[in-house]
Amino acid sequence: MADLVIRNGLVVDGSGAPPAVADVAVDGGRITAVGPGLDERGRREVDAEDQVVAPGWVDVHTHYDGQATWDAELTPSSWHGVTTTVFGNCSVGFAPVRPGTQDFLINLMEGVEDIPGSVLAEGIDFRWESFAQYLDALAATPRVMDVGAQVPHAALRFYVMGDRGADHAEAATADEIGEMGRLTAEAVAAGALGFTTSRTVKHRAKDGRFTPSLSAADAELLGIAEALGGAGRGVLQCNSDFGDDHELALLRRMAEVSGRPLSFSLIQVDGAPDRWRDLLAGVAEANAAGAVLRVQVGSRPIGVLFGLEATLNPFMVHPTYQAVAGLPLAQRVAELRRPEVRDALLAERPEGGFAGFLARAMDRTFELTDPPDYEPPPSASIAARAAAEGRTTWALLYDLLLADEGRALLYHPFENYSSGDLEPVAAMLRSPHAIAGLGDGGAHVGTICDASFPTTLLTHWVRDRTRGERFPLEFVVKRQTADTAAAMGFTDRGRLAPGLRADVNVIDLDKLTLRKPEMAHDLPAGGKRLVQRVDGYRHTFVAGVETYADGEWTGATPGRLVRGAV
């Protein structure tokens, strides 16, 4: 008798094969059989008729580096069917770290990933120095899902070079490069999944300094990559602005000298809206020559959220708003509803900086509905609506932000939306070199809420899209399971097949619904964060153990640390 049999579901096994009605049998945390009408009985049987049965999502781009040391649930990702998550991305993380230098890593993470420093300072106990010790701390923490960690370049560089590592006028010496390579190989041997770096000016510490890895010379990156190759395992990950052709050539050389897979974030940016096409062509050329390069693609625009509770709101630089900004939300809303306060605030016209950005952004800022529309037409923008109503954009913004007792949110997609639709994202997702990623679970807690990317693949791209093509169910499931698992070297998950881990989602696709993000006040030190709930995940199993039932945590913590490729 099996531990579990899931009966009569529409099985989408992650391989890309068409869905088929079948049963899935599980015993000892592994899938033992998949097929129609299995004779084997289960100690527990789940009726999945008219529901999708798919592998658990493997999310390769999150930032739970700190949260994973204190939070067993790893929400909001766990609410969205994620059963394996990978962090340490974009060069930021919390190991290795010398005693007494923790504040630098906190300052860096706060700036790059918008996680309050007070939250990190209280939530992380830093009971480690080496990366191996950090992995041991992760392994000792119970949680709902499997986790894996990568070595972040910024932390590694600061560990080896000290303050010089954060000084962009300094270059690593040959000995320092050798030490960074040695520590990377040592970390991979202990179970790190790979090495990550950041080459974008968007990544700055809270104090305004660019991330240490931004100015790392080619010799440094190639030296670390070569050391990773010598270890014979692990992957490389990068986030870059790709300001010139040299950058992609460098990443290709890193993949070639290491012999290891490399992935990078592929995003459409307004300044060069077709650059992503050139990057994809370069990836295809590199792969044809024997390198292994992949692009990580988001399932919708990268967008910030404006709101009275969020980090950013359109009136934050107005003097009249600043006078009430410190009030609790209910009192602030009451003040803002006073006609004299409204008149005074709307009469103010700050110039430059954030105010100047907002004036230009209203053509691509939208009211966030419930459920959210992540491919809104230009006619729904704040600027277009205000013009149609004969109002100023500021007056419309004011009224929208006071809705829902001040909890309303506005959505500004600043990347992947240059053309006002998701056609570029569709083309990226279709690429044979693409994997799903960039949801950033655990990060940008006051500005972005994209950990729901895996759910968007199903709701928007399979079922709901009206402004372009939809994708087959089996295609998007493969992108978020078998493809992401393979990209990290995981051979034991990502598909529903005998012998593999029983990480399984049972989903009511017809009722699968993303809710509007909301602000929760549940982080250490009373910190707040944007979270997004979802309806329609009926069951989530990790290694055959049910972790979520109809969106509620069962209390089970079968997750473990994944040490290296499996």
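Start at Lys528: leaving aside neighbours within four places in sequence, Lys528 is in contact with Glu309, Ala310, Val445, Met519, Ala520, His521 and Leu523, where contact means heavy atoms within 4.5 Å. You'll find Lys528 in the loop between strand 20 (518-520) and strand 21 (529-531); helices (H or I, at least four residues) and strands (E, at least two) are DSSP runs, numbered from the N terminus. Lys528 counts as partly exposed, because its relative accessibility is 32%. On that scale, buried is under 20% relative accessible area, exposed is over 50%, and partly exposed is in between (1.4 Å probe, protein chains only). Now look across to Ser431: Lys528 and Ser431 are 97 residues apart in sequence and 37 Å apart in space, C-alpha to C-alpha.

A quick word on what you're looking at: this is a predicted model, where local features need pLDDT of at least 70, side-chain atom pairs count only at pLDDT 80 or more, and totals for chains, interfaces and linings use all residues. Residues are numbered from 1 along each chain as its sequence is written, and side-chain values use heavy atoms, with hydrogens and water left out.

Let's zoom out. The protein has 19 helices and 25 strands, and its C-alpha trace spans about 70 × 60 × 45 Å along the principal axes. Of its 566 residues, 60% count as buried. If you take the contacts with a separation of 6 or more, 75% of them come from residues 24 or more positions apart.

So what sits inside? The largest nonpolar core has 115 residues, and Phe264 and Leu458 are those with the most contacts inside it. A nonpolar core here is a set of buried Ala, Val, Leu, Ile, Met, Phe, Trp, Tyr and Cys residues joined through side-chain atoms within 4.5 Å. Helix 4 (residues 153-161) gives the most to this core, with seven residues. Apart from this core lies another, of 29 residues, including Leu308, Val324, Val341 and Leu402.

Pick out Phe264 and see who's around: not counting residues up to four places away in sequence, Phe264 touches Cys238, Phe242, Leu248, Leu251, Leu279, Val283, Leu293, Arg294, Val295 and Gln296.

Finally, find helix 14 (residues 393-401). Seven of its nine residues are buried, so helix 14 is largely enclosed by the rest of the structure. Those buried residues are Trp394, Ala395, Leu396, Leu397, Tyr398, Leu400 and Leu401.
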